Amino acid sequence: MFMEKLLLVYNPKSGDGRIRAQLAKVIEIFSNANYRVEVYATKRENDGMEWIEKVGCEFDRIVVCGGDGMFHEAVNGWFQSRSKAPLAYIPSGTVNDFANTHNIPKNDVEAATMIASDGMIDQIDAGLFNDTYFSYVAAFGFATSTAYDTPQTKKRKLGTLAYVLHALEVVDFTHWENNCVSTRIEYEGGMIEGNFLYGQISSSRYVGGMDAFTKGRYDLKDGLLEGVFIRQPMNLSELNSIIASIAKSDIENNPLIVPVQSPWFEFDGESIAWTLDGEYGGEVPHAKIQVVEQQLKVVLPKEEE
């Protein structure tokens, strides 16, 4: 009997490390589904990306277990390998925005069962930041470094709260201008410029565990990215109005918040530090971000009728 080859790449340090206890059961699920499983445990940053890029074309299905950062690595390795195999995800991180957007089970066994038996293969939009792919978000500004600066020990102990607490430690609340960046943003049909407290370009419902910026706007197959840019508040009243708009998911009616949908965005100005899918994306004065329309082949739960 012909057996398809499945590559399982996992981060043993992701989240609370629970995948190590479930690994044998996950392998058994894939084996029972007639896959010949090869397992690879990552050892360092970008190890998963490099391994998938190297061997991805040898497999019929690629499964990644870890947090959003691990999946970010996998997406880049998958695109570089030019693999035709669908990419599947077992989420074991702290926030798991990609999994939340796509209703992927957080339980390792349930996610493996979905991938092995009743999942569907779909092709969705992704993003390209200069020459780096991202699965759901590119962001800059206020507290974005929190995603990749928060120590792993804090993430394990406190979960999502760890990000909030770390943001309070690193942000200068006394001088808001120190948290802002000056840039010119071009997009299809328009341009804005000035000082911005925060900006994000996404193809996702959830970013940082919330959907305040994308609710009712995102579409994973429309060939558009959702941009949201928050201008620098000049006083406490303006800051409070921003916070209130975000809390109510009412960003369209606040002049300090600029929502834009476009297949591409281009940034020029001062050097900006970016985060891509929660990982450090580099500091650059120029960035071109564009949609990669329906090119990311993934295994997702079947949509409910």
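The following legends describe close-up views of a predicted model.

**View 1. Overall composition of the chain.** The chain contains 9 helices and 13 strands. Of its 305 residues, 51% are buried. Among contacts between residues at least 6 apart in sequence, 71% join residues at least 24 apart. The chain has an accessible surface of about 13,900 Å², and carbon and sulfur atoms account for 48% of this area.

**View 2. The largest nonpolar core and the surroundings of Ile90.** The largest nonpolar core comprises 62 residues, and those with the most contacts inside it are Phe30, Ile62, Leu87, Ile90 and Leu296. Helix α3 (residues 68-81) contributes the most to this core, supplying 6 residues. Apart from this core lies another, of 22 residues, which includes Ile185, Ile192, Phe196 and Ile201. In soluble globular proteins, nonpolar side chains tend to be buried together. When neighbours within four places in sequence are left aside, Ile90 is in contact with Val26, Phe30, Val63, Val64, Cys65, Gly66, Asp108, Ala111, Ala112 and Ile115.

**View 3. The buried side of helix α2.** Helix α2 spans residues 47-55, and Asp47, Gly48, Ile52 and Val55 are buried in it. These residues lie on the same side of α2 because they cover an arc of only 125° around the axis. An α-helix has 3.6 residues a turn, so residues three or four places apart point the same way. The buried residues of α2 pack against strands β1 (4-10), β2 (35-41) and β3 (61-66), and also against helix α3.

View 4. Gly56 is located in the loop between α2 and β3. Gly56 counts as buried because its relative accessibility is 0%, where the cut-off for a buried residue is under 20%. Beyond residues up to four places away in sequence, Gly56 touches Trp51, Ile62, Ser81 and Ser83. Gly56 and Leu87 are 31 residues apart in sequence, and their C-alpha atoms are 9.9 Å apart in space. Leu87 is also among the residues with the most contacts inside the largest nonpolar core.

**View 5. Strand β5 and its antiparallel partners.** Strand β5 (residues 120-129) is mostly covered, with 7 of its 10 residues buried. Strand β13 (residues 279-300) runs antiparallel to β5 and is joined to it by 9 bridges. Within this pairing, Ala126 stands opposite Val292 of β13. Strand β6 (residues 132-134) is likewise antiparallel to β5, the two being joined by 3 bridges. Leu128 has Tyr133 of β6 as its bridge partner. β5 and β6 form a hairpin with 2 residues between them, and Asn130 in the turn has a positive phi of about 50°.

View 6. Most residues other than glycine have a negative phi, and most peptide bonds are trans. Asn34, although not a glycine, has a positive phi of about 75°. Asn34 is found in the loop between α1 (19-32) and β2. With 25% relative accessibility, Asn34 counts as partly exposed. Gln294, also not a glycine, has a positive phi of about 50°. Gln294 lies in strand β13, the strand that is joined to β5 by 9 bridges. The relative accessible area of Gln294 is 30%, and this residue is therefore partly exposed.

Terms used:
Residues are numbered from 1 along each chain as its sequence is written. This is a predicted model: local features need pLDDT of at least 70, side-chain atom pairs count only at pLDDT 80 or more; totals for chains, interfaces and linings use all residues. Side-chain values use heavy atoms; hydrogens and water are left out. A nonpolar core is a set of buried Ala, Val, Leu, Ile, Met, Phe, Trp, Tyr and Cys residues joined through side-chain atoms within 4.5 Å. Buried means under 20% relative accessible area, exposed over 50%, partly exposed in between (1.4 Å probe, protein chains only). Helices (H or I, at least four residues) and strands (E, at least two) are DSSP runs, numbered from the N terminus. Contact means heavy atoms within 4.5 Å. Accessible areas come from the Shrake-Rupley method with a 1.4 Å probe; for residues, only the protein chains shown count as cover. The arc is that of the directions from the helix axis to the C-beta atoms. Two strands pair if DSSP finds at least two bridges between them.
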